[in-house]
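Subject: Structure handover

Hello,

Here is the structure I said I would pass on. My notes on what was found in it follow below.

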Amino acid sequence: MVSTRSGGAIDSTNVKTVVNAPASPPNKRQRKAKIVVPEVEERGDPNSLHSFSNVPVEVFSEICQYLALLDIRNLAVTTRRFYQVLMSKDAKRIWQTACQNTPGIPECPPDMTEPQFAYFLYEIDCTKCNNRGTRIDFFYRTRLCGRCYNKWFEGSRETKAAVEGARPVIEATTTEHRLVFGFGRLPKRRIYRPFVEACYAEWCELPDGDDEASRVARDGFVEKWTGRKAMKYKTGLEMQNWVMKSIDSPWTGEVNRRRVRVGEVRARLLEAGWNVRDIPPVDPAFLALAGKGPPLTPEGKATVWQKLLPKLEPIVKARHEQRLKDTLKRQERFRWRQRSSRLRVLYGRLTYQAAPTDLHRKAISPTVEDFLDLPGAKRILGLTAQQVPQEMWVEVEEEARQFVLTTQEEALAQVLTVLKIDREPPPEGNEARYAKIRETIVLLSRPTSGFWCQTCQRASWFPITSCYHPGHAIVPLVDSPSSPPGKPFLVTALLASAGLDGATFDASAENHKPPRFICSRCDERVAECKSFGDLLRHYHSAQVWYERTTTLINSNPKKAYRKRRNESFEPPEIANRHDWSTDEPLARELTPEQLHELKKQQLAFEEESKKDPNDDELGEGGEAFSKDYTNRRLFRTCKLCPVGYSPEHTTSARIKIHIQSHHNKEPDLEADTNLHSKRWPCLIEPAVM
């Protein structure tokens, strides 16, 4: 019996309920003993999991010999004792063995320990904070979050300013190619500031002298940090390649399982007789049915497949029907392209049969769209049969030939109507009609069958008029302003003066040849080579200038010379040098040799006129004018011409020729011309004045 006052201990091995007996005096309150339940498992129990941390180090090391690097890293963060054991210097062999047990992993870099190497490869947290490290730099050995990356990394400009432009430091701590892996958009910053600061601190401790010892110290610094940079780049590249190859996620296993099951389902469908193109590759409904569910193992394949096939058949059948429709449409498009190409070849052959050039064909032939809208062409294009009967091609060719001939004849008839030339009825027979079209084209190519565009103020011939002057006011040359009443036809006069035969000369082809005509009324030093059409325009412009100036002078001389209205002078003479009613020659044709000599003469004249002291404010030579790097030259206008009718600002040599030819007098630059200055940027820096 245990006394209640002594507080005796209860035997833990004998589990009982002890009740105290009543004691004297009887008037005291009775007490009951406590119920004591022993622990089910103690920490010292050899069968407990907690006792595994007390195993001998030799046994623990032997167990670690069979673990990979990731297992050792996970084991080190399990308990405090494991961390102390694995993070000690004596555990280096365990880490080295773990690296060897991991297939494909690169060697541990010399600047990192094995635990640091494992932490850098497998850890996901930022090395500066507890956030997720999404920016990994394998050159600087950092794994940072976005905020820490922006804090510790900086750009090249900030780095140059921090190291005060020390080029060896910048070259030793930066790399041209970034070894960065991250999620999202990577910032432009790429230089790790602590690494640069450590290098710069060592650079500042070097001596600054020019003696041999200082140079040796600096060379040693460069060699040391250059080797470290090469090592970091090489090992960082190896780690980056390994990480890129071994990226894994929790969903990879599920994705692989679904991929395998979808492949098995495809194989079963092919065995059932379906075409591989009937199986949808990316249909969500098909992938949802084929990717989910139990695997098609050999034991349960029949049962699972029997349940899955009725669900897949509607999808595969719909895909099969859609594929057949697409095939029919594709075949129809192919037939349409093939037949359309053949019809286009027929169109080109028929339209070129009468038109000698592309311009003629474009001017008189129907468009290819109108050609394909013919009833016979539509029947061929809409035919569903694989082959078109030869009889249909023959019918379409005859129909197309008649359509092209009719269109070309109507287009030429419209041109003849504008030129007021009588139209003859078309002859019988296709060959005769083709010959008549060619004859009409030759007739319209004659110089006398030209047109005058009142909008462009230019002469042209068929087919240039139809192709390049649509919608303009077109009149025949005989009705143009260049053919006033009482004067001979300008075209005939030019042909006679140039010694050309109007029956054989093709004026429409002159637009595709180099200019070879020159005006005989102009001075050869300033005359330009022109085509036949430009020569007509030149004479027309000269005639218009003469008529307008004389009309203005005769009607209101004060308005014509308003700047000289206070002066007492008689209106100057206005000469009509380009009057083609006189017997003087109008134009002449130049040979290539004559054209070459003329260009040499004009070039020499231009070079000589640039050296004229009357055009250079600083005298002969044409040096730069002022300090603002601009050239300034003097140009002249004619005071003898009415206001607004003088030539544009030109040189003194050219204004002299103008006064002699248009006013029949010896030029006096002081009295007959006005001075104007013109500036333009100078390409050569002026001399210091």
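A residue is called buried here when its relative accessible area is under 20%. Please keep in mind that this is a predicted model.

Aromatic pairs

By that term, both phenylalanine 195 and tryptophan 225 are buried. The count of aromatic pairs comes to 17. One of them is formed by phenylalanine 195 and tryptophan 225, an edge-to-face pair with 5.6 Å centre to centre and 70 degrees between the planes. This pair links distant parts of the chain, 30 residues apart: phenylalanine 195 belongs to helix α9 (residues 193–204) and tryptophan 225 to helix α10 (residues 212–245).

Another pair is made by phenylalanine 505 and phenylalanine 517. Their planes stand at 85 degrees and the ring centres are 6.4 Å apart, so this pair is edge-to-face; planes over 60 degrees apart count as such. This pair also links distant parts of the chain, with phenylalanine 505 in the loop between α20 (490–498) and β9 (517–519), and phenylalanine 517 in strand β9, 12 residues apart. Phenylalanine 505 has 9% relative accessibility and therefore counts as buried. Phenylalanine 517, at 0%, counts as buried too.

Ring pairs also build a cluster, whose members are Phe139, Tyr140, Tyr149, Phe153, Tyr192, Phe195, Trp203, Phe221 and Trp225.

Charges over rings

Two tryptophans have a charged side chain over the ring. At tryptophan 152, the charged end of lysine 128 sits over the ring, 4.5 Å from its centre. At tryptophan 393, arginine 342 lies over the face, 4.0 Å from the ring centre.

Helix packing

Helix α4 (residues 92–101) has Ile94, Trp95, Thr97, Ala98 and Cys99 as its buried residues. What do the buried residues of α4 pack against? They pack against α1 (57–64), α2 (69–76), α3 (80–86) and α5 (114–122).

Two packed helices are described by the angle between their axes and the distance between the axes. For helix α17 (residues 390–418) and helix α18 (residues 430–444), the angle is about 30 degrees and the axes are 11 Å apart. Angles under 35 degrees count as roughly parallel, and α17 and α18 are therefore roughly parallel to each other. Their crossing is left-handed. On the α17 side, the residues that meet α18 include Glu398, Arg401, Leu405 and Leu412. On the α18 side, Arg433, Tyr434, Ile437 and Leu444 are among those that meet α17.

Regards

Terms used: Residues are numbered from 1 along each chain as its sequence is written. This is a predicted model: local features need pLDDT of at least 70, side-chain atom pairs count only at pLDDT 80 or more; totals for chains, interfaces and linings use all residues. Side-chain values use heavy atoms; hydrogens and water are left out. Rings of Phe, Tyr and Trp (its six-membered ring) pair if their centres lie within 6.5 Å; planes under 30 degrees apart count as stacked, over 60 as edge-to-face and the rest as tilted. Helices (H or I, at least four residues) and strands (E, at least two) are DSSP runs, numbered from the N terminus. Buried means under 20% relative accessible area, exposed over 50%, partly exposed in between (1.4 Å probe, protein chains only). A charge sits over a ring if NZ of Lys or CZ of Arg is within 6 Å of the ring centre and within 35 degrees of the ring normal. Contact means heavy atoms within 4.5 Å. Axes are lines fitted to C-alpha atoms, for helices over the stretch in contact, and angles run from 0 to 180 degrees between N-to-C directions. Angles under 35 degrees count as roughly parallel, over 145 as roughly antiparallel, 65 to 115 as roughly perpendicular and the rest as oblique. A crossing is left-handed if the near helix is turned anticlockwise from the far one by less than a right angle, and right-handed if clockwise.
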